[in-house]
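Let's take a walk through this protein together, going from the whole chain down to single residues. Keep the viewer open as you read, and turn the view whenever a new element comes up.

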Amino acid sequence: MTSLPALRRAALPPLLAVLAVGVAALAACGGDDDRPPVDAGSGADAQDTGVLADAGADAAADADIDAGEVCNCGFGSHSTLVYLMSQDAELWSFDPGTLEMAFVAGPVCGGDAPFSMAVDSDGIAWVQSAESLSVRLLDVNDPGPCTESPYLRRNPDFGLFGLSFASRSETDFCADLYVHTYDGMGPFEEGPDLGQLGIIDPVSGDLTPFASVDYDGGELSGTGDGRLYALAGTDPVKLIEYDRTTGGVIETIPLDGFNKTNASAMAFFGGDLYLFIEAVPPACFTCLNDTCPEALAACEADEVCADHLQCVVETAMFTDECGGFLSDEMATCVRGPCEICGLRPRARVSRVLRFDLDGDRSVEEVVAQAPIRIVGAASSPCVPTGPI
């Protein structure tokens, strides 16, 4: 049975009341080849997550008691679909029921490289540009020109960030806009207090930091029943559930066997988390099997070598930490006759994994080769929270 969260809506700036159009765009942390988009990971425990200031935590909690708010779900396809953003700033839809992707519009927002995106209860996408760091608004149900959001960058610690709306609880359907920092200086990292969580007031645009977290770079996805998740971390990438008022870690789920890729995104739908990561070029392992079968067999039999090979073909990187433990023969094969295995990120497409969040916690590949390279994904708080 499909369960839809009834009556919720984030408070919106007055200008949205008269918006007839807005370009639907989503970008949940994508990036250029030399600046990886936000994937994330975490292994922090709740006691390891520090609150930056009582005032910050109080500000997040105070958002719960905004008297007089009207929280409804607007009509539109944002209640039944996930929205995707390609590296070329094209807006696509994704139907978790059929697993089909469809082009919607684009390029949107002038074709600016998108970095992150959230979709609110009215189907308005809040899209951050990787270039200007501004956040613009567009209507996923009626794509048109983007308009400026009320957010203005005033805090230098919050440049690039993942963002998502999350409802306040199972019974309070008003949604708040959460952000997770990324310093933009290279690979995502994991360690004490490397990142921050903040909350943006969607009316004033003011951003309030309220917790430090142990990840630099994180994709966020909120739910219509008050949960907040991040895709973050390294070795392996992890799913982290945060307490949305304190930033404390409620649960950390390692996704063993998966490496983050240069483009990644995440969206919640129907009790599942959908992860969008780059796909390995189909011809890669065909080439390895044909060209260097003995070296490949030896590598696959060695857990460390196999992990390094997977890292190289998933990320198109070759460093001490990613590929450094390949045998000379294996490294030569990957770099030489099978160089397709290291196909540059912008020449790749994405695949889709489904994590059964509210079920058996299994991970399943549901789309092997998407038609686009996905740098952003977002679902509205109005999508189903229960199984579809």
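Before we look at who sits across from whom, one term needs settling: two strands are said to pair if DSSP finds at least two bridges between them. Please also keep in mind that what you see is a predicted model.

With that in hand, start with the chain as a whole. Its secondary structure comes to 5 helices and 20 strands. Of the 388 residues in the protein chain, 58% are buried. The accessible surface of the chain is about 14,800 Å², and carbon and sulfur atoms contribute 52% of that area. Contacts across the sequence are a further part of the picture: among contacts with a separation of 6 or more, 65% join residues 24 or more positions apart.

Strand S1 covers residues 82–86 and strand S2 covers residues 91–95; the two pair in the antiparallel sense over 4 bridges. Which residues of S2 are the bridge partners of Val82 and Leu84? Val82 is partnered by Phe94, and Leu84 by Trp92. S1 and S2 form a hairpin with 4 residues between them, and in the turn Ala89 has a positive phi of about 65°.

Continue from S2 to S3, where the pairing is again in the antiparallel sense, over 5 bridges. Here Ser93 has Ala102 in S3 as its bridge partner. This hairpin too has 4 residues between its strands, and Leu99 takes a positive phi near 65°. As for S2 itself, 4 of its 5 residues are buried, so this strand is largely enclosed by the rest of the structure.

From the strands we move to a pair of helices. Two packed helices are described by the angle between their axes and the distance between the axes. Helix H2 (residues 283–291) and helix H3 (residues 293–301) pack at an angle of about 115°, and their axes are 5 Å apart. Angles of 65 to 115 degrees count as roughly perpendicular, and H2 and H3 are therefore roughly perpendicular to each other. On the H2 side, the contact is made by Phe285, Leu288, Asn289, Asp290 and Thr291, while H3 brings Pro293, Leu296 and Glu300. These residues divide into 4 nonpolar, 2 polar and 2 charged.

Is Gly222 buried or exposed? Its relative accessibility is 2%, so Gly222 counts as buried, the cut-off being under 20%. Which residues is Gly222 in contact with, leaving aside its neighbours within four places in sequence? They are Ser164, Phe165, Ala166, Arg227, Leu228 and Phe268. Take Phe165 from that list: Gly222 and Phe165 are 57 residues apart in sequence, yet 5.6 Å apart in space, C-alpha to C-alpha.

Methods:
Residues numbered from 1 in each chain as written. Predicted model: local features only at pLDDT ≥ 70, side-chain atom pairs only at ≥ 80, totals over all residues. Heavy atoms only, no water. Axes fitted to C-alpha atoms, helices over the stretch in contact; angles between N-to-C directions. Parallel < 35°, antiparallel > 145°, perpendicular 65-115°, else oblique. Contact = heavy atoms within 4.5 Å. Nonpolar A, V, L, I, M, F, W, Y, C, P; charged D, E, K, R; others polar. Buried < 20%, exposed > 50% of the residue type's maximum accessible area, 1.4 Å probe, protein only. Areas by Shrake-Rupley, 256 points an atom, 1.4 Å probe, with all protein chains shown as cover.
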